[in-house]
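Reader: I have a chain here that I would like to walk through with you. Could we take it one question at a time?

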Amino acid sequence: MIVTKPPMGWNSWNTFAHNIDENLIKEIADKMVDEGYLECGYDYLVIDDCWSELKRDEQGRLVPDHVKFPNGMKALADYVHSKGLKFGIYSCVGNYTCAGYPASFEYEFIDAETFAEWGVDYLKLDYCYKPQSEDGAKLYRRMGLALANCGRDIVLSACSWGADETHRWIKSTGSHLWRSTGDIVDCFSSIRDIYNIQKGIYEYNGQGCFNDMDMLIVGMGGKGHVGRENCCTTEEYRTHFSIWAFFGSPLMIGSDIRTQTPETKAILQNKAVIAVNQDAAYRQPYLLTGRPDNADVWVRHMENGDIVLGYFNMSDNEVGFPVSFTDIGLNRSTGVKLRLFDLWEMKSLGEFEDIFVTGVPAHGSKLIRARLVKK
Ligand code: GLA
């Protein structure tokens with residue numbers, strides 16, 4: 001199975017952790033459709049940890065928690081599919097999941113078969129309780145093989161948090177996306193930490209095996225499992241979404257979409273920003289200006305010939321950014337100027353020759369899409 005664009009969807013962990021059940025998942029499925037998320041591209045609904053009984057059955061198969069999921073996973077997957085969505089579930093390469101439920105070590109093939117029977121389309125595979133003597137790459141490869149031979153297309157979402165230099169071996173495993181950092185929390189400092197880690201590994205992202213910067217916290221507003229009171233402003237959530245979209249990370253919503261503010265929805269459903277994330281060419285960005293105060297400008301080429309400028313001001317002060325077109329390869333000899341469009345303001349900024357200067361507030365961002373036009 002080949003995955004050509006960063007997966008998009010919703011995941012239960014950030015808000016609900018162990019507080020999941022069939023009704024919640026069905027309500028989320030309904031909202032993903034009714035509130036326009038599916039139409040924007042969010043099509044995977046993923047149940048994270050804490051969905052199973054504590055013991056496997058006599059055949060060694062995982063068993064859904066009878067109280068939380070009384071009708072089992074097949075019926076739930078059928079419901080999710082009936083909405084036009086895809087269904088995801090969670091396990092670990094180790095003996096237990098991170099929350100202590102049975103996991104897939106030495107049950108890889110039987111679990112892949114079970115998931116296929118249930119109609120699972122996506123497996124998030126975590127890294128907890130890995131036997132020390134075992135090589136992580138080997139375990140992801142084993143599950144990669146199990147899924148590739150289970151008779152159903154199932155996306156493999158590796159979640160080894162960047163440990164053991166994940167970026168060096170993950171593309172050999174059959175994983176379609178891989179977590180590059182530890183767990184996000186609902187705070188700007190967490191967004192900044194994850195962003196800074198990307199500076200050392202962004203070259204390893206690529207089509208078919210996407211660098212997953214973790215589930216989104218946009219709109220959590222302090223509520224839920226990784227929620228932190230008064231830790232993020234709307235501007236900071238916008239910066240978070242801008243970074244994840246620009247770097248081509250999978251976009252998995254982690255907030256409660258049943259109770260979303262219009263500001264949150266406007267961020268998560270900005271189709272022009274999502275289009276950058278989902279761009280068919282999936283080119284690697286490059287750093288144009290990296291300032292010591294952690295305020296940076298990046299550039300990414302789009303499939304249709306446009307360029308996107310990503311301004312990420314992680315510093316605590318407003319910053320003015322001059323971008324000289326010579327630095328992006330467009331010197332005078334090219335005879336082109338840039339027609340600029342602000343993807344958050346959703347407005348044209350006009351046409352510019354040689355240089356464009358703009359300011360970005362503290363913890364703010366800008367995504368500006370540039371079209372090349374003849375002078
Ligand atoms: C790890 C993962 C999280 C989440 C939890 C579940 O911490 O990184 O994303 O899946 O486990 O226990």
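Reader: Which domains does the domain assignment give for the chain?

Author: Happy to start there, with the reminder that this is a predicted model. The domain assignment of the chain gives domain 1 (8-277) and domain 2 (286-374).

Reader: How many residues from domain 1 and from domain 2 does the contact take?

Author: Let us begin with the centres of domain 1 and domain 2, which are separated by 32 Å over C-alpha atoms. As for the contact, domain 2 gives 23 residues and domain 1 gives 25 residues.

Reader: Which element gives the largest share of the side of domain 1 that touches domain 2?

Author: The elements that give two or more residues to this side are α8 (188-201), α9 (234-246), α10 (262-268) and α11 (271-277). By class, this side of domain 1 has 14 nonpolar, 6 polar and 5 charged residues. The largest share, 9 residues, comes from α9.

Reader: And how many salt bridges are there between domain 1 and domain 2?

Author: Polar contact across the interface comes to 13 residue pairs, both residues at pLDDT 80 or more. The side chains of R192 and D316 meet in a salt bridge, at 3.8 Å from N to O. Between domain 1 and domain 2, the count is 2 salt bridges.

Note on methods. Residues numbered from 1 in each chain as written. Predicted model: local features only at pLDDT ≥ 70, side-chain atom pairs only at ≥ 80, totals over all residues. Heavy atoms only, no water. Domains from an automatic or database assignment. Contact = heavy atoms within 4.5 Å. Salt bridge = Lys/Arg side-chain N within 4 Å of Asp/Glu carboxyl O. Polar contact = N/O pair within 3.5 Å; in protein donor to acceptor, adjacent residues only side chain to side chain. Helix = DSSP H or I, 4+ residues; strand = E, 2+ residues; numbered from the N terminus. Nonpolar A, V, L, I, M, F, W, Y, C, P; charged D, E, K, R; others polar.
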